[in-house]
Amino acid sequence: MDQEYMQEEWKAFIASGEIHPSVREEIGESWKRSRALGIDSNHTIGRTVPPDEFEVIKKHNRDLLFYSKPIMENLYQIIQEHNSIIYVTDADAVILDLIGDPEDMVVIKEGYNVSAGVLWSEETVGTNAISLALRYKKTYRTEGCEHYCREHHFFSCSVVPIHDAMGEVIGTLVNTCLNAKASNHTLGMVQAAAQLIENEVARARQIQFMKVGMSSISEAVIITDSAGDISFLNAKGCTYLGCSERKLLRRPISSVIPDVRFPEVTESRYNVNFHIFDGSEEIPCVGNFIYLEYNGEQIGLAAVFRKERSINTYINNLVGNTAKYHFSDIITRNPAMLRVIEDAKRISGIDCTVLINGESGTGKELVAQAIHNQSKRREGPFIAVNCAALPRDLVESELFGYVAGSFTSAKKGGMLGKFELADGGTLFLDEIGELSMDIQPKLLRALDSHKISKIGSKKDKYVDVRVITATNKTLESEIAEGDFRLDLFYRINTVNFIIPSLNERREDIPLLCLHFLEQLNAEFDMKVSGFEPEFIAALQAYEFKGNIRELQNLISRAFFLCSDDTIGVDLLPASITRSAGTAGVTTSQPDSVPMTVGTKENIEKEMIIRALQQAGNNVTEAAKTLNIGKATIYRKIKKYGISYR
């Protein structure tokens with residue numbers, strides 16, 4: 001529409017509020033809104049956003065600001081002869097940045113407050129191209145008198161919305177011509193520039209999303225370009241290599257993964273064992289090398305990997321290769337067993353080999369786990385291997401592992417042995433006396449050198465493992481018969497513990513009974529209160545062949561058969577009561593009461609009461625029985641309110 005004619009239509013609206021049909025509908029509706037908002041039709045300027053608020057806005061739109069700047073500069077170089085100002089706004093019509101002739105910039109800043117940090121919305125200045133482009137989400141141009149405010153009739157504005165990758169409007173690119181009408185050619189250039197900004201912002205955000213995604217995974221990722229130089233690595237990769245991404249970019253991948261010779265990698269490889277170099281040492285890793293190609297040509301390589309020890313940790317956590325028992329879990333007041341605990345605590349922090357002797361069921365693994373949990377290796381794995389349960393032809397592969405293709409039935413990616421899985425922790429070899437003579441030299445070598453060799457591999461591998469062994473055999477006799485190597489015996493027998501049998505720890509039977517009953521009550525949510533004295537007396541008279549494991553089995557049996565609050569002697573197998581001569585057994589203590597179960601404090605209290613009963617209320621003798629000091633027992637008598645006189 002001719003600007004002189006448009007000016008008459010604008011004057012008519014200002015005077016009467018009526019819109020002539022020749023006025024564009026969107027302009028007319030905006031005039032009505034501006035009038036209703038009370039916008040001054042003669043003089044309005046943009047509203048300056050508070051500085052702290054503008055800093056937040058710039059931070060939120062940092063990608064838009066960063067990528068629009070060079071494009072705006074290029075656009076201005078093309079159209080600067082048209083007295084144009086180029087600027088970019090956010091999605092709320094706040095001007096983020098602008099560029100133009102210095103003199104023109106002064107004019108629009110001083111006369112109209114057009115500058116960075118100024119809000120140029122319809123609610124602030126009335127009808128303008130920025131607010132209309134944002135409202136209707138499309139390219140919009142306003143000429144002279146189409147603006148609501150008279151002072152803005154000198155402007156011709158072309159505005160193009162800028163979208164993100166999801167199609168949402170994140171801002172606008174604006175070209176304002178002073179005292180001139182913008183051409184369609186200029187509008188086309190603004191549209192092209194806005195498209196370039198959209199592409200750059202979308203690409204930057206895609207890269208950012210990729211980096212965030214890559215950094216959230218537990219594996220390290222290194223990506224190279226077609227020349228084999230590092231173009232990206234995630235946070236885990238930086239952690240492994242002990243260096244920032246900036247310092248590693250554009251370096252050859254072979255400088256951090258020496259095993260990779262880039263031109264030689266012509267296909268993807270999976271489950272590869274290799275080393276990374278962090279500047280001071282080579283670290284064993286396992287991962288995949290992904291061959292990246294486009295249109296049949298290699299464009300790079302992606303290495304996705306973990307440290308070998310972290311994989312072992314994951315596997316160990318998954319299958320439960322941890323030690324759950326501590327010395328506090330060993331229930332005893334037997335002097336010999338208490339000495340074992342005291343000595344085991346003393347050597348726990350020393351990486352010496354330990355041999356534990358004891359009958360089956362005495363708790364050898366419990367002691368081994370307690371040593372591990374008291375040691376500096378407590379955060380590492382605890383791997384238990386029953387040597388007697390390993391098939392003779394699989395012992396070597398179970399202990400040391402094998403590489404892919406070692407034999408016909410070998411797994412595709414090979415297999416980790418127990419020594420590797422125990423790296424950084426403890427390997428417990430139970431029933432070591434059952435190992436065949438042909439495997440014993442390999443075990444001796446591993447103990448001496450801390451190196452293992454997988455089946456099918458030509459390389460030795462260092463492992464940081466503490467070995468604890470156990471046996472129910474007399475190894476000296478096995479040596480004499482030629483079934484066990486003397487040099488291996490000396491290697492595993494640095495420190496030796498002998499676990500007394502339950503028959504040698506009869507004073508522990510009442511305490512163990514209460515302990516097992518407490519566990520069963522908690523597991524099955526029941527409230528069996530304790531044992532009749534005859535039940536305990538029968539067990540104390542019985543000759544156990546299966547030690548603590550057999551006792552636990554008897555308590556479980558009685559617990560499941562019990563229909564009363566207290567477990568009686570009738571719930572023991574007849575073979576036990578007969579062998580103990582106690583078919584109707586009674587206690588020799590006339591003032592005895594049923595043993596009750598509860599917390600560990602209850603158990604301790606029960607122990608002290610029974611020790612006092614057995615000692616005829618002689619505190620000194622009771623303390624000796626419990627292997628505790630006289631002052632300690634007096635303190636506990638007071639703590640539990642025990643009456644003994």
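This is a predicted model: local features need pLDDT of at least 70, side-chain atom pairs count only at pLDDT 80 or more; totals for chains, interfaces and linings use all residues.
Q: Which strands does strand 7 pair with, and in what sense?
A: Two strands pair if DSSP finds at least two bridges between them. Strand 2 (residues 84-90) pairs with strand 7 in the antiparallel sense over seven bridges; here isoleucine 86 has asparagine 175 as its bridge partner. Strand 6 (residues 155-163) also runs antiparallel to strand 7, joined by nine bridges, and cysteine 157 stands opposite threonine 176. As a general idea, side chains in a regular strand alternate between the two faces of the sheet.

Q: What lies between strand 6 and strand 7?
A: The two strands form a hairpin with five residues between them, and glycine 167 takes a positive phi near 90° in this hairpin.

Q: How many salt bridges does the structure hold?
A: A salt bridge is a side-chain nitrogen of Lys or Arg within 4 Å of a carboxyl oxygen of Asp or Glu. The structure holds 28 of them. One joins lysine 138 and glutamate 26, at 3.1 Å from N to O. This pair links distant parts of the chain, 112 residues apart: lysine 138 sits in the loop between helix 7 (129-136) and strand 5 (140-143), and glutamate 26 in helix 2 (residues 25-37). Lysine 138 is partly exposed at 36% relative accessibility, and glutamate 26 is partly exposed at 21%.

Q: Where do glutamate 342 and arginine 346 lie, and how many residues apart are they?
A: They are four residues apart in helix 12 (residues 335-347), so about one helical turn separates them. Glutamate 342 is partly exposed at 47%, whereas arginine 346 is exposed at 51%.

Q: Which parts does the pair of aspartate 438 and arginine 392 tie together?
A: Their side chains meet in a salt bridge at 4.0 Å, N to O. Aspartate 438 lies in the loop between strand 17 (426-430) and helix 16 (440-449), and arginine 392 in the loop between strand 14 (382-386) and helix 14 (395-400), so the pair ties together parts 46 residues apart in sequence. Aspartate 438 is partly exposed at 48%, while arginine 392 is exposed at 62%. Elsewhere, salt bridges that share partners join Asp351, Lys376, Arg377 and Asp464 into one network.

Q: At what angle do the axes of helix 24 and helix 25 cross?
A: Axes are lines fitted to C-alpha atoms, for helices over the stretch in contact, with angles from 0 to 180 degrees between N-to-C directions. The axes of helix 24 (residues 619-626) and helix 25 (residues 630-640) come within 9 Å and cross at roughly 105°. The two helices are therefore roughly perpendicular; that class covers 65 to 115 degrees, with under 35 roughly parallel, over 145 roughly antiparallel and the rest oblique.

Note on methods
Residues are numbered from 1 along each chain as its sequence is written. Side-chain values use heavy atoms; hydrogens and water are left out. Buried means under 20% relative accessible area, exposed over 50%, partly exposed in between (1.4 Å probe, protein chains only).
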